[in-house]
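Please read them with the structure open.

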Amino acid sequence: MTITEVPQSAAPDTPVSRTPAAVSGAPEKPSGAARTVSRPDKRKTINPTRDRLMTALSLVAAIGGTLVGVIGFAMSYSTLAKVALSWGFSKELAPWFPVGVDASIIAFLALDLYLIRKSTPWPLLRLAAHAMTGATIWFNASSQGQISTDPVQAASHGVMPMLFVIGVEAARRLIIQKARLEAGTVTDRIPMHRWILSPVATPRFYRRMRLHGVASYPEMIRRQQELIGYEQWLKRKHNGDLSKASEDERLPMKMAAHGYTVSQALAMPEQQERDAEARAEEAERRRLDAETRQELARKQAQADRLEAEGKLEAVRARVEGETGQARAHARAQVSAAERASEVEEAALETALVAEARAREAQAQRKEAQEYEAKAAADVRTAELECQAAEKRKEAAEADRVAAAEVEAVETQKIAEARKATAEANRRAAETERVAAETQRATAETNRNKAEEERLEKVALADAARAENDAAEAERAAAETRRAAAEIERRAVEAEDVAKLKPRERAVRRVARMILAAGGDADRLPLADIQHELAVSSPGTASEYRQEAAELLAGGYRPEQ
């Protein structure tokens, strides 16, 4: 047993909302509860005779009102034209004076009716029309002299404009009432007998109806009875001491001054808890979304930084490799050129020395021959021959020594040239090794770059997958919205075929909103109902929600 199950004293066709059990220990619905108020049945049968009578009365009223207006305008025109001449108007302007006065009345009243039809009334227009009507009545009444002298004659001249205004006011009232009926915002009047029998409480009752936007007098009675019944039950529960009741139990008495029903007040704590949980969940979701976006931004920045560093390292390695290759090649070329120059200089020097020694040996041989010739010419003795022989021997020895020296010098230069060639080959091999090392480093850099490109492609693929998932979710949401719009369209067509009243259409529309919210009426906020139906009163929105919940409980489905 829960506290929301209060005794029901309203009429059986007046729904009492069943809210979630906020407080335990409420009484069950007592049997034989008084049923003092019942709502009038909205489904009234049409009486053909009464309908024809109303049509005839409308035609009579329209024709009679038009006739009264034309007669009053004609009489007022004639009287005011004479008054204008007596007031000093010229003969050309005097006929226009009554036209301006009476036309202003018609224009102001017509504009007031038009603005009322457009739901934008402006009371100043009505006041201006009444002021001009009063001026017309006064002008007509005073056209025959002093009003106090012959009041009957003055009244006969002023009664026709007054009758015209009364007819226009009746038409205005009819148009306003029709617009309220079409909008479903007709406000019930409090019966006169209540004002007479309860003159003190009825003004407060009327004030609560207007402040809380309750248009139905039976609904206000039901609320009052429900609150009184709940208060009596609470007193009986706590032995007449309401101070023992909890804050949640006293909510209906506190919130009644603000237009809340007993069910709405008892549902407030749980609704507020649900709202707080929803706000906390929304805040947590936003926090997680922000953390996810920050993490994605951080990962993206890290990936961009790694990509930039990889590109920089690749460029640096390529430049260093190319620079090393160029330097090694230049050093090898310079070394080879230096070695070749040294070998060429050594060979040239060896050839010059050998040639000089050869010339010197040849000169010595020539000198020896000259000595021999001189010895032969002088017919020297054998001593001279011996001396010449000795000198030839010495020359031969010198030639042998010179040849040996030339051969030794050539062998040493060739060895040095071979050694220089071997050193050049070793340096070329070192250069090739450095170039191979540079190529290996370049290959490693290219491999790292390829790995980074692969990771970047994976990241892009993940991002594209996420975008595809988001697009799929958006497409599913769009499909859901389209299906809901199609259901709404079919429901509206069915309502048009059934020729439902505005309130019945509104209740079915709220029922469809409840189905869209998951099927639970309590999960549909009253603010959404007020916004969707352009209803300013939370009480009216609550009534729509309660009736829609009962309609759904009765098996209503939009597609049926």
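1. Glutamate 360 sits in helix α9. This is a predicted model, and there glutamate 360 is partly exposed, with a relative accessible area of 48%. Its C-alpha lies 9.9 Å from that of aspartate 399. In sequence, glutamate 360 and aspartate 399 are 39 residues apart.

2. Arginine 327 also belongs to helix α9, which covers residues 262-377. Its relative accessible area is 54%, so arginine 327 is exposed. Threonine 431 is 104 residues away from arginine 327 in sequence. In space, the C-alpha atoms of arginine 327 and threonine 431 are 9.0 Å apart.

3. Now the chain as a whole. The chain has 13 helices and zero strands. Of its 560 residues, 27% are buried. Take the contacts between residues at least 6 apart in sequence: 59% of them join residues at least 24 apart. The accessible surface is about 36,800 Å². Carbon and sulfur atoms account for 59% of that surface.

4. Is aspartate 112 buried or exposed? Aspartate 112 is buried, because its relative accessibility is 1% and the cut-off for buried is under 20%. Aspartate 112 is part of helix α2, residues 96-117. Setting aside neighbours within four places in sequence, aspartate 112 contacts Trp122, Leu125, Arg126 and Arg172.

5. Next, the helix pairs. Two packed helices are described by the angle between their axes and the distance between the axes. For α11 (residues 502-516) and α12 (residues 526-533), the axes come within 11 Å. They cross at roughly 130°. The α11 and α12 helices are therefore oblique to each other. Their crossing is right-handed.

6. Which residues make the contact between α11 and α12? From α11 come Ala506, Arg509, Val510 and Met513. From α12 come Asp528, Ile529, Glu532 and Leu533. By class, the contact of α11 with α12 holds five nonpolar and three charged residues, and no polar ones.

7. The axes of α12 and α13 (residues 538-553) come within 9 Å and cross at roughly 95°. That angle makes α12 roughly perpendicular to α13. On the α12 side, the contact uses Leu526, Ile529, Gln530 and Leu533. On the α13 side, it uses Pro538, Ala541, Ser542, Tyr544 and Arg545. The contact of α12 with α13 divides into six nonpolar residues, two polar and one charged. Note that Ile529 and Leu533 of α12 meet α13 and also take part in the contact with α11.

8. Check the backbone at alanine 534. Alanine 534 lies in the loop between α12 and α13. Its phi is positive, about 60°, although alanine 534 is not a glycine. Most residues other than glycine have a negative phi, and most peptide bonds are trans. Alanine 534 is exposed, with a relative accessible area of 72%.

9. Asparagine 239 is another residue to check. Asparagine 239 has a positive phi of about 60° and is not a glycine. Where does asparagine 239 lie? Asparagine 239 is in the loop between α7 (217-237) and α8 (251-255). Asparagine 239 counts as exposed because its relative accessibility is 70%, and the cut-off for exposed is over 50%.

Conventions:
Residues numbered from 1 in each chain as written. Predicted model: local features only at pLDDT ≥ 70, side-chain atom pairs only at ≥ 80, totals over all residues. Heavy atoms only, no water. Axes fitted to C-alpha atoms, helices over the stretch in contact; angles between N-to-C directions. Helix = DSSP H or I, 4+ residues; strand = E, 2+ residues; numbered from the N terminus. Parallel < 35°, antiparallel > 145°, perpendicular 65-115°, else oblique. Left-handed = near helix turned anticlockwise from the far one by under 90°. Contact = heavy atoms within 4.5 Å. Nonpolar A, V, L, I, M, F, W, Y, C, P; charged D, E, K, R; others polar. Buried < 20%, exposed > 50% of the residue type's maximum accessible area, 1.4 Å probe, protein only. Areas by Shrake-Rupley, 256 points an atom, 1.4 Å probe, with all protein chains shown as cover.
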